[in-house]
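I opened a notebook page for this protein and wrote down each thing as I looked it up. The model comes first, and my entries come after it.

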Amino acid sequence: MSLFRLDASINPATSQSRALADLVEAEWTSAHPDSIITRRDIGTHPLPATTWRDIATSGAAADTDLTPEEREARDIATTLADELIGADAILLAIPLYNWGVAAHVKSWYDITYTDQRISTGALAGKPVVLASVLGGDYSAASGKAHWDHSTPWLRHVIENIWKANLLVVQRQLTLVGVNPAMDAMKDQAAEVHAAAAQLAIEHGQALAVKRNALV
Ligand SMILES: Cc1cc2nc3c(=O)[nH]c(=O)nc-3n(C[C@H](O)[C@H](O)[C@H](O)COP(=O)(O)O)c2cc1C
């Protein structure tokens with residue numbers, strides 16, 4: 001058995017998305033102690049900003065006609081796609097930055113998508129857990145639920161492009177305790193944290209048995 005884990009926090013030392021994904025991973029490891037875990041950290045090691053451009057503009061050119069940069073870009077895409085396709089299960093830990101999908105996450109996704117295997121069903125049915133963290137309050141009561149343009153986009157591409165079996169665990173209000181202006185939300189944040197941690201454990205157990213009762 002093998003797990004591919006992607007981390008995208010730019011602050012790994014304090015990362016709440018890592019902590020949430022760690023709970024998922026612990027359940028996976030408990031069920032599969034001998035599992036290979038392949039890790040990619042695009043928060044601390046972002047992919048070159050030119051990679052996707054070099055692949056997209058080289059189109060269908062034969063490998064022999066590529067510049068060294070274009071060849072390297074295609075090799076990166078193959079490596080990234082291999083990581084996804086070769087895993088029995090996938091765990092993604094992705095924070096919300098500036099109300100959208102961060103550039104380094106979009107870049108990673110765009111590069112993987114240039115590999116034709118990704119768009120032709122190689123990930124269909126693959127169990128995936130997305131651990132999504134948001135600093136603010138996006139509850140229904142906040143009136144800002146639609147300000148999160150990261151989680152819905154990731155859900156869209158994972159479910160409709162990858163056609164994978166996705167479970168999402170989301171933790172909001174991670175900036176409580178960091179931003180004094182949010183101190184009044186301390187109790188609400190603690191409740192949200194506890195619920196997210198419990199759901200992460202449940203999703204980890206589901207991932208481990210490749211069961212995906214969608215929630
Ligand atoms: C540069 C930057 C931009 C951020 N933008 C947002 C935002 O638009 N909305 C939000 O709710 N939180 C935002 N946050 C807060 C993060 O989502 C929050 O701190 C989250 O826990 C970060 O993930 P991590 O703990 O795994 O590092 C931002 C944080 C940083 C550092």
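The entries below go from the whole chain to single residues.

**Entry 1: ground rules.** I noted that this is a predicted model, in which local features need pLDDT of at least 70 and side-chain atom pairs count only at pLDDT 80 or more, while totals for chains, interfaces and linings use all residues. I also noted that residues are numbered from 1 along each chain as its sequence is written, and that side-chain values use heavy atoms, with hydrogens and water left out.

**Entry 2: the fold.** I looked up the secondary structure, where helices (H or I, at least four residues) and strands (E, at least two) are DSSP runs numbered from the N terminus. I found 7 helices and 5 strands in the protein, and along the sequence they follow the pattern β-α-β-α-α-β-α-α-β-α-β-α. The radius of gyration, taken over C-alpha atoms, is compared with a globule rule of 2.2 Å times the number of residues to the power 0.38. It comes to 18 Å, close to the 17 Å that the rule gives for 215 residues, so the protein is as compact as a globular protein of that length. I wrote down a span of about 60 × 35 × 30 Å for the C-alpha trace along its principal axes.

Entry 3: Of the 215 residues, 46% count as buried. With contact meaning heavy atoms within 4.5 Å, I saw that residues 24 or more positions apart account for 79% of the contacts with a separation of 6 or more.

**Entry 4: helix 4.** Which residues of helix 4 are buried? I found that 8 of the 11 residues in this helix, residues 103-113, are buried, so I noted it as mostly covered. The buried ones are His104, Val105, Ser107, Trp108, Tyr109, Asp110, Ile111 and Thr112.

**Entry 5: Ser9.** I located Ser9 in the loop between strand 1 (2-7) and helix 1 (16-31), where it is buried with a relative accessible area of 4%. A polar atom of its side chain lies 3.0 Å from the backbone nitrogen of Asn11. Leaving aside neighbours within four places in sequence, I listed residues in contact with Ser9, among them Asp41, Thr44, Pro95 and Tyr97.

**Entry 6: Ala89.** I found Ala89 in strand 3, residues 89-95, and its relative accessible area is 0%, which means that it is buried. Not counting residues up to four places away in sequence, Ala89 touches Ser2, Leu3, Phe4, Trp28, Lys126, Pro127 and Leu207. I also checked Ala89 against Ala164, and the two are 75 residues apart in sequence and 9.9 Å apart in space, C-alpha to C-alpha.

Entry 7: Is Trp99 buried, partly exposed or exposed? Trp99, in the loop between strand 3 and helix 4, counts as partly exposed at 44% relative accessibility, and its phi is near 60°, a positive value in a residue other than glycine. Leu173 has a phi near 65°, again positive in a residue other than glycine. I placed Leu173 in the loop between strand 5 (165-171) and helix 7 (186-208), and noted that Leu173 is buried, with a relative accessible area of 2%.

Note on methods. Buried means under 20% relative accessible area, exposed over 50%, partly exposed in between (1.4 Å probe, protein chains only). A polar contact is a pair of N or O atoms within 3.5 Å; within protein, one must be able to donate a hydrogen and the other to accept it, and residues adjacent in sequence count only if both atoms are side-chain atoms.
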